[in-house]
Amino acid sequence: MVDSRSKPHAILVCYPLQGHVIPTINLTIKLAQKGFTITFINTQSIHYQITQKNDQDDIFSTYQGLGLDIRYMTVSDGLPLNFDRSLNHDQFMSALLHVFSAHVEEALLKIMESKIDPPVNCLIADSFFVFPGKLAKKYGLLYISFWTETALVFTIYYHLHLLELNGHFGCTDKSEDVIDYIPGVQSIRPKDLMSYLQETDTTSICHQIISNAFEDVRSADFILCNTIQELEPETISALQVEKSFFAIGPVFPPEFNKIDVATSMWSEFDCTHWLDLQQHATVLYVSFGSYAHLNKNNLLEIAYGLLLSKVSFIWVLRPDIVSSDDPNPLPEDFQSETHGRGLIIPWCCQKQVLTHTAIGGFLTHCGWNSILEAIWCQVPLLCFPLLTDQFTNRKLVVDDWKIGLNLCDKNQITKDEVLEKIHHLMYGKSSDEFRNAIKKVKKMLENAIRAGGSSQENLDNFIGTVYLLAGKELTHPEDESSRDEDVEVDVRAYKDG
């Protein structure tokens, strides 16, 4: 019998945004299947949103029934349950920056003081949190940072000081420069940086979060990243010189649709019957994600472009896509004029839609989850980034992997551009080129998560090292040099068998 003291027990803190919830739940299940005990900390707000239709107390109950040791608790994010976090973005981010850590620490103390078995020895938290490194140090825990985005985005944030040094942060004078001094990044243009790094005002709440989070993440013992070694080899190799960085993506299960945990924050419309009536690869799926807002004029131009294109489509149109105060932003005649070839819904199970054979293209905001899911389903992408990492993801999709095309480089788009790009994506030689390219990238993902694949080996190396460290009494949290030495020895020992 394995000594419970040698078994990793991680408190895992989930970042309260839809795009982070999904990969974090997938990581939880993956680690539990490998023998970890996980205590998953969710916010009360997210828990309420994803369970209000099924009234679950514990979203992991199905997996606990299968023998996985996943425990579940919720804490306040510092705001009332019915507070509109989308409409009041800055106040929500302010709570995460200043208040949320106190609720997490209270929960952590409660768990640790209960002397449960196995004892807690790890803290896993989203890299965008500003506090986990400090908490881990205070309570003598291993700190594992989980990065849900690409390695390219991580390394740009991690080397923000180099952008400042070279005048490419908080400045528009060098907007045409090529940035070629970030380790592991051959070159990138300022317009392909994350949206926050393109702004001249660098004092916003989001800038404060980024700055504090990437200062905190430097103290992480390990960084897990939802990407694939073969997709970003130079970037990942350069990061591994600086940190114990493990590319373990994609973290969703190979079965893809078979996950028995509620993850969606909205009720999902089932599109299957409608899709079953459509021809193979003829439907354009349109979705701009769970959080970012779309400029009203751009939304109208996209609508008119879809109208002109004559393409069949499913459009996920969140009620707050423009604003919570404008729940019906489409042109008056749009739905009647697209009747029969268009389906407009507030939300859906994206995986279910993308896996359907009728889907031939995806007009997307370029969220990383959406890109990974599209690659897995071999659906080419038409890119229209709105916020944060989406601009950098577009660069990977369009310039590096060539699995899609850019909708426009300007802030304002036109219906004629939308029409032209939809036809490029869906029809003819260019469409065939995108489909051939995405098949090759899909193969990389499949190979990475197979036995012996890069992501599987990286995950096994990480887990083996954590098991070795969990079996030891951790050094005093203040003794950083001793702790780093132990990690180095254990990594070597694990690799040597």
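Start with D399. This residue is partly exposed, at 33% relative accessibility. Bear in mind that the model is predicted.

Look at where the partners sit along the chain. D399 belongs to helix α16 (residues 390-400), while R189 lies in the loop between α8 (160-165) and α9 (205-216). The pair links distant parts of the chain, 210 residues apart.

Stay on R189. Its relative accessible area is 35%, so R189 counts as partly exposed.

Next, select D192. R189 also forms a salt bridge with D192, and the closest N and O atoms are 3.0 Å apart. Is D192 buried or exposed? D192 is buried, because its relative accessibility of 2% falls under the 20% cut-off.

Move on to helix α18, residues 428-449. Select K443 and E446, which both lie in this helix. They are 3 residues apart, about one turn of the helix. A salt bridge joins them, the closest N and O atoms being 4.0 Å apart. K443 is partly exposed, with a relative accessible area of 41%. E446 is partly exposed too, at 22% relative accessibility.

Salt bridges with shared partners join R189, K191, D192 and D399 into one network.

Finally, zoom out. How many salt bridges does a search of the whole structure find? The search finds 13.

Technical notes
Residues are numbered from 1 along each chain as its sequence is written. This is a predicted model: local features need pLDDT of at least 70, side-chain atom pairs count only at pLDDT 80 or more; totals for chains, interfaces and linings use all residues. Side-chain values use heavy atoms; hydrogens and water are left out. A salt bridge is a side-chain nitrogen of Lys or Arg within 4 Å of a carboxyl oxygen of Asp or Glu. Buried means under 20% relative accessible area, exposed over 50%, partly exposed in between (1.4 Å probe, protein chains only). Helices (H or I, at least four residues) and strands (E, at least two) are DSSP runs, numbered from the N terminus.
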